[in-house]
Each structure stands twice: as structure tokens, then as C-alpha cells.
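Reader: I am new to protein structures. Please show me how to read this one.

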Amino acid sequence: MVMKHAAKLMIFSLTLFLVFAALPCLADAQPDESYPGETMVGEIYESAEEKSESNKPKVVTLANGVQVQRTPDDVGGYWHRPGDYNSYNTYYLKADERGCAACHADLVSLLDNMNYEHLDFSNTYGIDMEVQDCMICHNDGNGYLYTTYDFGTLIHGIHMSDTFDAMGGSCMTCHNATGDGNGLMLWEEAKYDVLQGITFLADVEGEFSFTQDKLTDLIFAGNWMSGQTTNSMAAASIADLPLDPDLFDNWEITVDGDVENPFTMTLKEMIEVFPKVNEIMTDHCVMNPNGGAWIATCDVGGFSITQLLEYAGVKEGATAVMSYASDGWNRGILLSELAKDDAILAYELNGERIPWSSGYPVATWNGAGSAASCIRNVVELRVISVPENEVKIFDGWKYEDGSGRYINKPAVGIFHFAEGQIIPAGEAWTFEGYADAYDKRIVAVEYSLDLGKTWTRFDTEGTDRKSWVYWYFTYTPENTGAYVLSVRAITEDGLVTTEPEQIMFNAK
């Protein structure tokens, strides 16, 4: 046993002697300019740096002067390939050449110039329309379209053209192939998970405030294609015709149904009988995609619908009031909901007569519901007595998977900020946007900078469900780099935005 340990010790000592004796020789053998392969390694590094420099992400200046960079800088090399960039995003993923924005700078303008008269998505909120905004109608719009889940069929059909081939397009222009079991996804849905160079931060800190009095100066007009009368109103709007005062004065409104004293009056007569009321209300399209622009908040002036019904004398057992347009289109408001929050038969928005596109000369505004119950060109308010569950009420759009989850309730949006916008590093920047949940009150707005792994909550105490929560979030990016801001909202009964709104920004 002793001899065995002695042998091991002798071998170990001899090894140390050989190592230290060889050190001078190893030092002499360090690579220099003449060392075989040194020149080749240098050329490889130099070539990689040149490739990175020539493939830096594109910086584009928008018409409003804002600079955007849709692809983040993939800053930093690997341990075996040092350097400032590795051009992974641009040279290998070709991120600048992918997604709708790579070919179409403005999807709203694209839709406006189609040979088919598409609904108008123009807005004054600075919202970039994205492909996800199309899906709530084209995939989930049961009752609005002939078939659902046909968006992929439609878009692939449109893009099967010589023009697309000439532009160098391929499947990967619009899609991303993943290895995580999700298969082929839209690039816009996958990009934040595959792009390198995005900085993710837990428990984001910032300053939060909100108001419910922020008014909009553009009213969306989503249902102008329904009915002959509303089409004629749309034609007047498109032609930018002046409002017709005689039409206003002679327009008749009937209040009838299950009431004791039905009546019919012209608008001119009603103004003499009923006082004008004003209230700030939000009109929110039930098909508005999360983050979309089909939402408006106005100082609404007109007649209290509750007061009109009191004047007519609602019969016992009545459950709802239906608003009828001149072409017969109608939707209802439950009287139980009307008792909580009044609705208005409106003839003024923001101090002016409502425009053609909003239903001139008069329209129902129900701030505690969706735009589906806000009927344009109203000629009749009919009180009915049926079970409440038989009254067709839209309170947000649900997924068709039976889960009961909503696609757009609560909905959130980010205003006046472009995807990839460049902002100053080390300086405070205030983001702004909205949160709304139709008939539910918003109780909190939350923010994340790590794609929703952690959320920072800000409560919105004392909110009114009739008007949106217009929020401001001030954040200071301490370091340069790319970040993704995620936003979601929470309602009084615990509904949480199912697909948070997200936008990338670059701090430089």
C-alpha cells in the first residue's frame, strides 16, 4: 500500500515538473502574425464584421418625422465570435423583409385603395393597423361574414400573383416556422420570441395616471353598409355634403310599445319639450380588435332616454327598449341596465350636430354597452316585455371555443406610437392609450417588459363604465436596446385581457 502511494506521488511530481518546464516553450508558441491560420481567422472576423455592418437593421423616417427600426440590433457576439453585431436578425432571419409592413407601409391606405369598398380603419390615434386586426372579423366574425376562419384562405388567394413572386416573396415573408410545437405562425405573432437583441426586464417600474374625459375628434363609422337609408347617409358623408337643417327639424321620433302614452314628435318639437343633457360616453365597436381604433369618446348631447320613457309611461313587466333605424335595423338596451346608467338619444357630439357618418340627424348612444346598441338614424324607441336573455345584446366578442373568454374584453390600445419607434435612452417617455370593457368597469391597468412573465399593476379607482380609461405610463429606459411594452386591463369582475397589446421600441 505504501509503495502504491509513493508511486502515485512520484508520477504527480514528475507531471508538475514537465508542465512548469514547458511554460517558456508554450509562451514562445503563442500565435502571432506568422502563426499558421492566424491570418485566416482574422479574415473570418473581418468578413463577419463587414457583413454585420452592411446588414444593419433599416431605420425608416415616417411622414410625421418619427424614426422607426422594426428589427432590433442583435447586439453582442457569441464567445467564439466576438463583435458588436452578428447580423442574425437581418442577414439570417431577414427580419426587415418579413411581415405585412415589409411590403405595405400603411395597411389602412391599402384597404382604402382596394377594388372592393372595405370598411374604413383610418384613425387619429396614430395606430398602425396590423394583420391581427383583420382576424376578429375574418376569422371570428360569425354573423358578419358568410364563413369564419377564412382569413388564411383569403390572404393566400390574394398573394398568389406574379407581382408577389416578382417582389421575391415566399412563405417565410409572412410566416415563421417554429420548433416549439406551434408550427407555422404569422411573423407578427412569432417575432418577439425569435428576434435576438430584445431586452426583457421583470417588474417594470414607471409612473401611471389616467383620465376618462379625453375626447376624440374622429368618430368611426363601421356599419354604414347595412340598409338602404344608412347607405344614403354614407353617400352624403363620402361626398362631404353639408348637413340638411330641414331634415333635422322634420325628423320624427316615435316612442311606443309597452307604454301608457305613446307619442310621436319631430326633433324640433322634442327640443322644445325635453331639456338637453350632456355626458361623456364611449362608443366601442363590438368587432374592434384588441388594440384597434374602432372606439370613440365624445361629449354627447341630446335627450335622456330614461326621461323619454318616463314621459311615455313604461308598463309594468317591460324589460328592454329597442332602438329602430329608419331602415328597420334595431338593437336593445335592458331597462335594468338603463336604471344603472342612462343612455342618450343624441343629436350633438362634442358641441356640434352629429355628422352623417354617425347617424345624422339623431342616434342612440349607450355608454354602458357596445356600439351595437348605438343605432344611427333612429326613428323609433320601442319598449318590449320579453325575457332579458331574449334581447340581443352584444357585450364584447367571445372566442368560439366554448371557454367563455372574450377576444376584446377588456380591450386595450397604445396610441401615437409606431412599431419599432426610436426614443432617447436615459430619458423619460410617456406612452398613452386606452382601456375599455363595454358594460364592465376597468379597475386596473398592467404593464410588462418581459412578454407578460411579470406584470406591474396600477389601480384605477372610481372609474365610470360609460367612458374609457385613457391611461398614461411614463417609463425611462436606462440602457440602449430594444424593448417590448405589453399592456393589459382588468375589470371589476376579474376579466383580464386575453391577448395583451404589445409594441416594440428602441432606446438609443
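This is a predicted model: local features need pLDDT of at least 70, side-chain atom pairs count only at pLDDT 80 or more; totals for chains, interfaces and linings use all residues.

**Reading burial, pairing and charge**

Author: Start with Ala343, which is buried, with a relative accessible area of 0%. Buried means under 20% relative accessible area, exposed over 50%, and partly exposed in between (1.4 Å probe, protein chains only).

Reader: Where does Ala343 lie?

Author: Helices (H or I, at least four residues) and strands (E, at least two) are DSSP runs, numbered from the N terminus. Ala343 sits in the loop between helix 15 (335–340) and strand 12 (344–349). Ala343 and Gly369 are 26 residues apart in sequence and 9.5 Å apart in space, C-alpha to C-alpha.

Reader: Which residues of strand 16 are buried on each side?

Author: On one side, Ala411, Gly413 and Phe415 are buried; on the other, Val412 and Ile414 are buried.

Reader: How many bridges pair strand 16 with strand 18?

Author: Two strands pair if DSSP finds at least two bridges between them. Strand 16 and strand 18 (residues 429–436) have 5 bridges, in the antiparallel sense. Val412 has Ala435 in strand 18 as its bridge partner.

Reader: How many salt bridges does the structure hold?

Author: A salt bridge is a side-chain nitrogen of Lys or Arg within 4 Å of a carboxyl oxygen of Asp or Glu. The structure holds 17 salt bridges. One of them joins the side chains of Asp73 and Lys508 (2.7 Å, N to O). Asp73 lies in the loop between strand 2 (67–68) and helix 3 (88–92), and Lys508 in the segment after strand 23 (501–507), so the pair ties together parts that are 435 residues apart in sequence.

Reader: Are Asp73 and Lys508 buried or partly exposed?

Author: Asp73 counts as buried, at 16% relative accessibility. Lys508 is partly exposed, with a relative accessible area of 42%.

Reader: Which residues does Lys466 bridge to?

Author: Lys466 forms a salt bridge with Glu279, with the closest N and O atoms 3.1 Å apart. Lys466 lies in the loop between strand 20 (456–459) and strand 21 (469–475) and Glu279 in strand 8 (residues 277–284), so the pair ties together parts that are 187 residues apart in sequence. Lys466 is buried, at 6% relative accessible area, while Glu279 is partly exposed, at 26%. Lys466 also forms a salt bridge with Asp341, where the closest N and O atoms are 3.0 Å apart. That pair links distant parts of the chain, 125 residues apart. Asp341 counts as buried, at 14% relative accessibility.

Reader: Which residues do shared partners join into one network?

Author: Salt bridges that share partners join Glu279, Glu337, Lys340, Asp341, Asp464, Arg465 and Lys466.

Note on methods:
Residues are numbered from 1 along each chain as its sequence is written. Side-chain values use heavy atoms; hydrogens and water are left out.
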